[in-house]
Amino acid sequence: MNGFASALWAETLKLRRSKVPLFTALGFSMVPLMGGLFMIILKDPAAARSMGLITAKAQLVAGVADWPTFFSILAQAVAVGGAILFAIFTAWVFGREFSDHTAKELLALPTSREAIVAAKFVVIVVWTLALSIFIFGFGLVIGSLVVIPGWSEILLRTAFVDVMGAALLTIGLLSFVALLASVGRGYMPPFGWTIFTVVLAQIAALTGWGDWFPWSVPALFSGAAGPRAELLGPHSYIIVLIASLLGLAGTFTWWRSADQTK
């Protein structure tokens, strides 16, 4: 337990001293700002054109400027944008040890490898969850400033479940990003994996197999393709859980047994 506490303290210190968490927070902050801009445009497209927010040739996607639409944008952006931004953060947490050539020194410490990997995952989960909660709260502020109708406490609770559910499903799949960052000893393999799964998730959803493909489930849960009750079943969540556990097991196994002398 002491070893884990020491590893967690070290990972937290790295987090505090790096600008990567700040950049991911700033990047994710664009989600509610983008949603607020869409609400302004949908409220009055003619005024938006006169202010130069959109051009006369712009083709607006059908939608209503209200809280349900705004929350839907947040949930979908967390599922899709989170898959990329959370993966960047995860790749940094695991890949930096190889890019900075600190892996050998790190593993020479009296702290077990399992404790080090567990501490890294705890930091990833805590930070990505904190980001998701921050974005939801920031979205409430933006939506209030834009002044859109349709607010209710029931909607607030439902929207929170949508956003945090999409975030949790996305976070669960980050274990494969950690595995690729470890096996690939750097940033590029997990980045390539992330782009590959994002594209494949879109294809699976379009072809009707999204409920069986783990990386499609977060976006389908967010309502990106319609009501999730019609698109997902219990098997969808089980598949995400299995994929998450496989990634975790693979990461722990690799760190425990791989040759770290190179």
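Helix axes here are lines fitted to C-alpha atoms over the stretch in contact, and angles run from 0 to 180 degrees between N-to-C directions. Helices themselves are DSSP runs (H or I, at least four residues), numbered from the N terminus. The model is predicted: local features need pLDDT of at least 70, side-chain atom pairs count only at pLDDT 80 or more, and totals for chains, interfaces and linings use all residues. Residues are numbered from 1 along each chain as its sequence is written, and side-chain values use heavy atoms, with hydrogens and water left out.

Start with α1 and α6. Their axes lie 8 Å apart and the helices pack at an angle of about 45 degrees. The two helices are therefore oblique to each other; angles under 35 degrees count as roughly parallel, over 145 as roughly antiparallel, 65 to 115 as roughly perpendicular, and the rest as oblique. The crossing of α1 and α6 is right-handed. That term applies if the near helix is turned clockwise from the far one by less than a right angle, and left-handed applies if anticlockwise. Contact means heavy atoms within 4.5 Å. From α1, Gly-3, Phe-4, Ala-7, Leu-8, Glu-11, Thr-12, Lys-14 and Leu-15 take part. They meet Ala-115, Ile-116, Ala-118, Ala-119, Lys-120, Val-122 and Val-123 of α6. By class, this contact has 10 nonpolar, two polar and three charged residues. Ala, Val, Leu, Ile, Met, Phe, Trp, Tyr, Cys and Pro count as nonpolar, Asp, Glu, Lys and Arg as charged, and the others, Gly among them, as polar.

Helix α6 also packs against α2 (residues 20-43). Here the axes come within 9 Å and cross at roughly 30 degrees. That makes α2 roughly parallel to α6. The crossing is right-handed. On the α2 side, the contact residues include Phe-28, Val-31, Leu-33, Met-39 and Lys-43. On the α6 side, they include Trp-127, Phe-134, Phe-138 and Val-146. The contact of α2 with α6 has 15 nonpolar, four polar and one charged residues.

Now turn to the cavity. On a 1 Å grid over the protein atoms alone, a cavity is a set of points where a 1.4 Å probe fits but cannot get out, and lining residues have an atom within 4 Å of a point. The structure holds one cavity of 30 Å³ or more. About 40 Å³ of space lies in the largest cavity; a volume is the space filled by probe spheres set on the points, which are joined across faces, edges and corners. Helices α1 (2-17), α4 (67-99) and α6 (113-146) each supply at least two lining residues. α4 gives the most, with four residues. Among the lining residues are Glu-11, Lys-14, Trp-92, Arg-96 and Lys-120. The lining divides into four nonpolar, no polar and five charged residues.

Next comes the largest pocket. A pocket is an open set with protein on both sides within 12 Å along at least five of seven lines. The largest has a volume of about 380 Å³. Of the 23 residues that line it, Ala-79, Ala-201, Gln-202, Trp-215 and Ala-219 are the closest to its centre. Helices α4, α8, α9 (188-206) and α10 (217-222) each supply at least two lining residues. α9 gives the most, with eight residues. The lining has 18 nonpolar, five polar and no charged residues.

Helix α8 (residues 174-183) leads on to α12 (residues 234-257): their axes come within 7 Å and cross at roughly 25 degrees. That makes α8 roughly parallel to α12. This crossing is left-handed. Phe-176, Leu-179 and Val-183 are among the α8 residues in the contact, and Leu-246, Trp-254 and Trp-255 are among those of α12. The contact of α8 with α12 has nine nonpolar, six polar and no charged residues.
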